[in-house]
Amino acid sequence: MSNIKTRIAPAVVVLSQNSVAVGRQIINVLPNSKLYGLANRTSDVDINFTNFGETLRELFASGTPIIGICAAGILIRTLAPLLTDKGQEPPVLAVAEDGSAVVPLLGGLSGVNDLARLIGEALEVKAAITTTGDLRFQTALLSPPPGYHLANPEDGKKFIADLLAGAKVKLEGIAPWLSESQLPIDSQGELTIQVTEKMVIPQPNCLVYHPAAIAIALTTTEPETLTLIHQLLGEAKLAPTSVAGIFAPLCLAANPTIHAVAKALGVPARFFAQKDYNSATAIALAATGTNGTILASLENSVAAISPQIINPNKIGQPQGKLAIIGTGPGASQWMSPQVKDILNSATDLVGYKTYINLIGSLADGKRRHESDNREEEARAIMALDLAAEGRYVAVVSSGDPGIYAMATAVFEVIDRYNKPEWQHIDILVAPGISAMQAAAAAIGAPLGHDFCAISLSDILKPWEIITQRIAAAAEADFVIAFYNPVSKDRIWQLAEAKSILLKYRKPDTPVVLGRNLGRPGQAVKVITLGELEATDADMRTIILVGSSQTRKIEFSYGKEWVYTPRRYLDNRDK
């Protein structure tokens, strides 16, 4: 595994289409990383940018590891003004366009060499490591592997210089990455490496590493919980950096205090089914394994230690996440950065196959749960059940998820069935560009004044209700966006809607037909209400019917624009 000392997903930056294939190879071995591509020169990337220098400097300043598939020189010159503290630098690497070279440039204290080795293995080349200590001792003392924290990095430079000058080192404690390295280990060494969970004051010529071997278990919380945990650790003389995770019963998965405590300690929160573990002691021992030992307890918190490094990602489950996302009508450039971030992080995708296919490479490596477009309730229940297991589920809708889409379906089943396990899920609705917005933008500004949306589908509501709403909206002179206007089994309703509208609108009222918006075969055209026929539309069509104020403008080159003025003049009788 890569030894990256940051929790921020790396950015792989490409400047030409020739580099995209290599970029994708790197993305495949770096979970949640994103492919940044120069606009107008790259396609099939996660994020487009127009200014290379600004983008690179923003990423660096935010602590994002950068893998530039370009010349090393351009990376160095671009980032040079920001190079002030090597202890805070994220990893920066240069990779040849053809993948033939991997060169770590910056971030020696942030695991850049291990990241370079990982990328080199993926590209089947040897990383160009130049750090003397790494090469001679086959380990990076200033950048320990996950699960270990160097308590006194300020002493590291002299310590390594002494090692390179021939000094021997005594190892106190257990750390396979050290004992199996090529360090000159000697029980009589003049230098010392101490591996301990205890809070100690480093002595001269000594490096101290704290192993992440302590589990903190909680069964209840209160406003002072974080203070109590620090008290618990202080009384037992335990280093906070030896804490591997916060562990609690599943009923606390949505408890904000639990997550605030975990964030403050810089560790994940994990949860156990309450029926199996109903005490803090039981949870602490479950987290530390069969050889775990209770170290200390205070009120409803318990600290236990494992003889090995604890990997919290393999213990219990995280709080489940359910994001109901809108990808927009179809084109990837209409997908919001928030939605792309969710898709990069999600473990499972739930949705209609056509909509999942629209997200392209963002679906790669995810568990796909596809279903028919009419199985909304079953799809919502599946998504909630998956999230309750601790997965990060993205329910994929086209357009906006809250407009005739899956957000309502999810909340309907929560309200109807009210399963206790669903109460612990972190739920998010991420908006998208709706079909009516896309159609309006393609033709001008027909939604520039008051408007409403009406679905002509009578599957979930009686046709009588639909006709009442059409009449009311028409009489009130709204611009109307009609969703689901026609299907294979339902072609008569659009004609009836037209007849209702003609009681309140003139036949020459502009009507916009938008089909396959943002997808291959996109077509947007303008007709009049009098010309509207059922054959003009299908389920992939959005229809915008203008108000009495809506106007059409024709340009000399044949382009038509439609808009509804902001200022309202009641000229319906003129």
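Modeller: Let us begin with the convention for charge, in which Lys and Arg count as positive and Asp and Glu as negative, while His and the chain ends are not counted. The place of a charge is taken as NZ of Lys, CZ of Arg, CG of Asp or CD of Glu. This is a predicted model, in which local features need pLDDT of at least 70 and side-chain atom pairs count only at pLDDT 80 or more, whereas totals for chains, interfaces and linings use all residues. Residues are numbered from 1 along each chain as its sequence is written, and side-chain values use heavy atoms, with hydrogens and water left out.

Colleague: How many positive and negative side chains does the protein have, and how far apart do the centres of the two sets lie?

Modeller: The protein carries 51 positive and 56 negative side chains, and 4 Å separates the centres of the two sets.

Colleague: How should I read burial, and what percentage of the residues in the protein is buried?

Modeller: A residue is buried under 20% relative accessible area, exposed over 50%, and partly exposed in between, with a 1.4 Å probe and protein chains only. Of the 574 residues in the protein, 49% are buried. The C-alpha atoms fill a box of roughly 100 × 55 × 40 Å, taken along the principal axes.

Colleague: How many helices and strands are there?

Modeller: Helices (H or I, at least four residues) and strands (E, at least two) are DSSP runs, numbered from the N terminus, and the protein has 17 helices and 28 strands.

Colleague: Which way do the side chains of strand 1 point?

Modeller: In a regular strand the side chains alternate between the two faces of the sheet. In strand 1 (residues 11-14), A11 and V13 point one way and V12 and V14 the other way, and all are buried.

Colleague: Which sense, parallel or antiparallel, does the pairing of strand 1 with strand 2 have?

Modeller: Two strands pair if DSSP finds at least two bridges between them. Strand 1 pairs with strand 2 (residues 34-38) in the parallel sense over four bridges, and strand 4 (residues 66-69) is also joined to strand 1 by four bridges, in a parallel run. V14 has G37 as its bridge partner in strand 2, while in strand 4 the residue opposite V14 is I69.

Colleague: How many residues of strand 12 are buried?

Modeller: Strand 12 (residues 243-249) is mostly covered, with seven of its seven residues buried. Strand 11 (residues 214-218) runs parallel to strand 12 and is joined to it by four bridges, with A215 standing opposite G245.

Colleague: Why does T78 count as buried, and what is it in contact with?

Modeller: T78, in helix 3 (residues 72-79), counts as buried because its relative accessibility is 11%. Contact means heavy atoms within 4.5 Å, and, leaving aside neighbours within four places in sequence, T78 is in contact with F52, G53, L56 and R57. A polar atom of the T78 side chain lies 2.6 Å from the backbone oxygen of I74.

Colleague: Is P337 exposed or buried?

Modeller: P337, found in helix 11 (residues 337-345), is exposed because its relative accessible area is 63%. P337 and I47 are 290 residues apart in sequence, with 7.9 Å between their C-alpha atoms.

Conventions
Polar contact = N/O pair within 3.5 Å; in protein donor to acceptor, adjacent residues only side chain to side chain.
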